[in-house]
Amino acid sequence: MLEERIASLLLVDHHCHGVVRRDLDRPGFESLLTEAEEPGGPGGSLFDSRIGFAVRRWCAPVLDLPAHADPDEYLARRAELGAAEVNRRFLQAAGLEALCVDTGHLPEALLDPAELGGLAKADAYEVLRLERLAEEVAADGVSASAFAAEVRSRLAVRAPHVVGFKSVAAYRAGLELAGERPSDGEVAKAAGRLLRDAERGLAGCDAPPRVHDEVLHRFLVWCASDLGGPVQFHVGYGDADADLRRGDPLLLTGLLRELARRGTPVMLLHNYPFHRNAGYLAQVFPNVFVDVGLAAHNLGDRAPVILAELMELAPFGKVLYSSDAYGLPELFHLGALLFRRGLTRILGDGVAEGSWTERDAARIAELIGSGNARRVYRLGERT
Amino acid sequence: MLEERIASLLLVDHHCHGVVRRDLDRPGFESLLTEAEEPGGPGGSLFDSRIGFAVRRWCAPVLDLPAHADPDEYLARRAELGAAEVNRRFLQAAGLEALCVDTGHLPEALLDPAELGGLAKADAYEVLRLERLAEEVAADGVSASAFAAEVRSRLAVRAPHVVGFKSVAAYRAGLELAGERPSDGEVAKAAGRLLRDAERGLAGCDAPPRVHDEVLHRFLVWCASDLGGPVQFHVGYGDADADLRRGDPLLLTGLLRELARRGTPVMLLHNYPFHRNAGYLAQVFPNVFVDVGLAAHNLGDRAPVILAELMELAPFGKVLYSSDAYGLPELFHLGALLFRRGLTRILGDGVAEGSWTERDAARIAELIGSGNARRVYRLGERT
Amino acid sequence: MLEERIASLLLVDHHCHGVVRRDLDRPGFESLLTEAEEPGGPGGSLFDSRIGFAVRRWCAPVLDLPAHADPDEYLARRAELGAAEVNRRFLQAAGLEALCVDTGHLPEALLDPAELGGLAKADAYEVLRLERLAEEVAADGVSASAFAAEVRSRLAVRAPHVVGFKSVAAYRAGLELAGERPSDGEVAKAAGRLLRDAERGLAGCDAPPRVHDEVLHRFLVWCASDLGGPVQFHVGYGDADADLRRGDPLLLTGLLRELARRGTPVMLLHNYPFHRNAGYLAQVFPNVFVDVGLAAHNLGDRAPVILAELMELAPFGKVLYSSDAYGLPELFHLGALLFRRGLTRILGDGVAEGSWTERDAARIAELIGSGNARRVYRLGERT
């Protein structure tokens, strides 16, 4: 009964991205499957990993194939159906009530929030990536001393249309952000460096400007806090661009303490392999919320294990669901399915062992699956 | 049979605190339940977490309620019985042979070791908190150059009456303590800073002096080593005041190497989420002992999992039991009960899988439950 | 059926050492059993730990004793049979196809690769320890400016006779090695320091020279990369000489990125308790391979747990087997047996849960047990 309730529970996916519009061959598919930069190489196919086996087991049937279909068979069927139909099937299979889409990472044209929501038959919300907005300001040209005001002004315009803000500091300067709000002078100085990068970029001799400065990441988080948040942080596991050592959520402790005083909700995303550290932060700071998105689908049938580790110290009112799906629609389906399996195992084992009642288990499942996200993002009030 | 033996085994709780004398309302109870600074907030009730469910399941019957009683029902019954009776019931339910009480943290009047021992029908010993003694010396007034001698002299007076010493460096300067004994000059200089803080405190314009200086923490540990130890270190998980990053026991490696040469026993307390690191230290250093107190009750029915992780590398002659109970008497009961469940699961599974014999399992249970602590603290010789 | 296939699978042990030739008394045996410097002490016997119980359970029958024989009985039987016969029995029981022997750690005369291979009836290969070669160059006398060329020249001579190179930077300067190839000037300067140590050693007033300089460790890795690798790194768990904090594989991120560009295979050895970090690196870098040697036998019947944690993110084409056996022949047998049990549990549970088919499970077992190692070390091409 608990299993059925969780199976039919519509989830709020509080952090995801768009999916690609184009058809994918096997290298294209494998390159989007994990955080590896390129598939193949001396390690063989990425289908020979937990996520690969999860695709063959759980996604093949959605495309009318038997479970455990061979990778080539799977990709042939995928091509046959076409990207549009594949996207539709997996988004719908995810069983979502709402999704909050980070629209800040666009190396190619992806489905936008409205399109994703349409396919998923779910409410779609946008999450604004802070560094991207700052980089747009830099690219558009502004003086160093006017940079802060211009960022604040654009954020204020965008804020009513988004449900939260996202920081990718973990990918750039790392999560060791100081606790204090940076002074105007510090921001202007850091902006000057960014703008010089931007000028070189405009002159065609360099890449577009990238925020990778502790002061600017921190400034952006404070701006988001001034607007009431919530602020999402990429934490832990990501691709090889990031230095995982600098992605430990404990590095945020000082800043979290300040944001707790200000009452700004903070969402620590992914967290693997630091998810126990994240669970600790969720217990001791009233404003900290956590999930294990991204890791969930990458770990395949091991996903219940890390969800259980997260839920050691993290109060159940602080745990959320996210897929962190990007590129492949399969990840929406896998993320939701593996999350449901994990929740069913954890809460069901607890009922079996007598740790809690079935009634409490059902209530907790609803909180973690959607209630906590609805409450923190005030989703009901926004639509 | 193993289960029954472990159920009836009287434990040595080698690290705990006093409990409050007053009756508690729900906010008061929740604020003592976990390491969160305050209950409630946007994350909801702390009863919706592993420790909250453990209280409802395991503590309610001790108060004559059915398992899984509602939180409000539980607190009503608690008030009805009154703090004295509640304290008596849970201390007795813990099944202790002895308890070693850290008396150094007293934000309010707590039951003292003799009272705890009386309720638990167990031998009670005191553990001296090093930083508190140093702060008392500073508050009483002394010259910077006389500070070290005064600390040593007071410690020598107290030492015969305590079974060990406790360092809270993890909460202050962090565990990155150098290996060398600090020179008299270094201690006098650091004492000077502490005394200036103390003077400001006496003038009413500041809080009482707090040791938060690497040199002073280290000096105190060396003093305790000169007196033969054992030295307990708070490690890992604690409240939001601590910076958990600085609580990794690996930071102590250099100092542990010196203390190993001197034969000073060191007890690494709590350790979560660094308990595997602690297990490694317990294997490679002959003088290092470990437990998973605090985490055990906070993790509720997950406690067996971390005890199993600790017992991967840690030799079984190096593992101890502690509750780290503070404030709520429930934590004495929960700590002991969840520890017994963990030990039963780990040792019993080993018997079932053929990893060891039932006879060996019973012997190991006795070592971990009380024998190791009796041996290292020389408890028998002291009473 | 899967269990039988894995039981009969001949393994490639891609990282091990020699075993002692002499008979061992109980202190001698216990001192080689774990990474503890000396047995006994206040923590009691090391037989009371997971590895000790694993010896009594799994090794006693190989010496014709019942499982769970007492330690003294076990050592008496061992002495009765004599070291040569004991070595023969355990090496043969391991069930190896090939072994790659690190010959660089020789505090006493150990069996050499050919002897190990003879006893195991397996192909034997040598792995060259980089720091040892550099120390030999320093001890033989060379100018600082000629040091680099001499190292390169000796490596080129040895390279055709070895299957890979090993770095013990984790035990010395730590794994925080920069990404860039050091300049000739930097190497000469660092060599000068090493040579001054060597001179003092020759003068009899100091120990032999030891490489413990970030520049030299890095230089040696680049030399090994120039020769095509693979490069093995000691990572994580080791004895008390190492500072475990500096053994986190994430510290290698920058260097791994460079070696990925150059296509040099890197083998991260042991990894406990950082094995999840290692699994992440194996996913995101195409050239990174991982194992949980050393930890496997030290963890006894818990070995399957850490293998499962490693295999969360690590693609199955990137996971290898090693025993890291050293000194005791028991460790060849225990390593192989516990690895087989772990693999059987993980892959068998997956079949039972429907995560993959039995056919895929058998294929993956062959990859991890021997195929991946054969491919990366090109073992077939070398014999």
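This is a guided tour of a predicted model, stop by stop, with what to select at each one.

Residues are numbered from 1 along each chain as its sequence is written, and chains are lettered from A in the order in which they are written. In this predicted model, local features need pLDDT of at least 70 and side-chain atom pairs count only at pLDDT 80 or more, while totals for chains, interfaces and linings use all residues; side-chain values use heavy atoms, without hydrogens and water.

**Stop 1**

Along the principal axes, the C-alpha atoms of chain A fill a box of roughly 60 × 50 × 40 Å. Of the 383 residues in chain A, 65% are buried (buried is under 20% relative accessible area, exposed over 50%, partly exposed in between, with a 1.4 Å probe and protein chains only).

**Stop 2: K166(A)**

Now select K166(A), in strand β4 (residues 164-167) of chain A. Is this lysine buried or exposed? K166(A) counts as buried because its relative accessibility is 2%. Show side chains around K166(A): polar contacts link its side chain to that of D102(A) at 2.7 Å and to that of H15(A) at 3.4 Å (a polar contact is a pair of N or O atoms within 3.5 Å; within protein, one must be able to donate a hydrogen and the other to accept it, and residues adjacent in sequence count only if both atoms are side-chain atoms). Leaving out residues up to four places away in sequence, K166(A) also touches others, including H17(A), R129(A), E131(A), Q232(A) and H234(A) (contact means heavy atoms within 4.5 Å).

**Stop 3: R77(A)**

Move to helix α4 (residues 71-81) of chain A and pick R77(A). At 18% relative accessibility, R77(A) counts as buried. Which side chain does R77(A) join through a polar contact of 2.6 Å? The partner is E80(A). A polar atom of the R77(A) side chain also lies 2.8 Å from the backbone oxygen of L63(A).

**Stop 4: helix α5 of chain B**

Switch to chain B and select residues 83-93, helix α5. Its buried residues are A83(B), V86(B), N87(B), R89(B), F90(B) and L91(B). Their cover includes α3 (50-59), α4 (71-81), β2 (96-102), α6 (113-120) and α15 (330-353) of chain B. Just after α5(B), look for G95(B), with a positive phi of about 70°.

**Stop 5**

Most residues other than glycine have a negative phi, and most peptide bonds are trans. Back in chain A, K121(A) has a positive phi of about 50° although it is not a glycine. K121(A) sits in the loop between α6 (113-120) and β3 (123-129) and is exposed, at 63% relative accessible area. Next, select G229(A) and P230(A), which are joined by a cis peptide bond with omega about -10°. P230(A) lies in the loop between α10 (214-226) and β5 (231-235) of chain A. In chain B, a cis peptide bond joins G229(B) and P230(B), with omega about -10°.

Notes. Helices (H or I, at least four residues) and strands (E, at least two) are DSSP runs, numbered from the N terminus.
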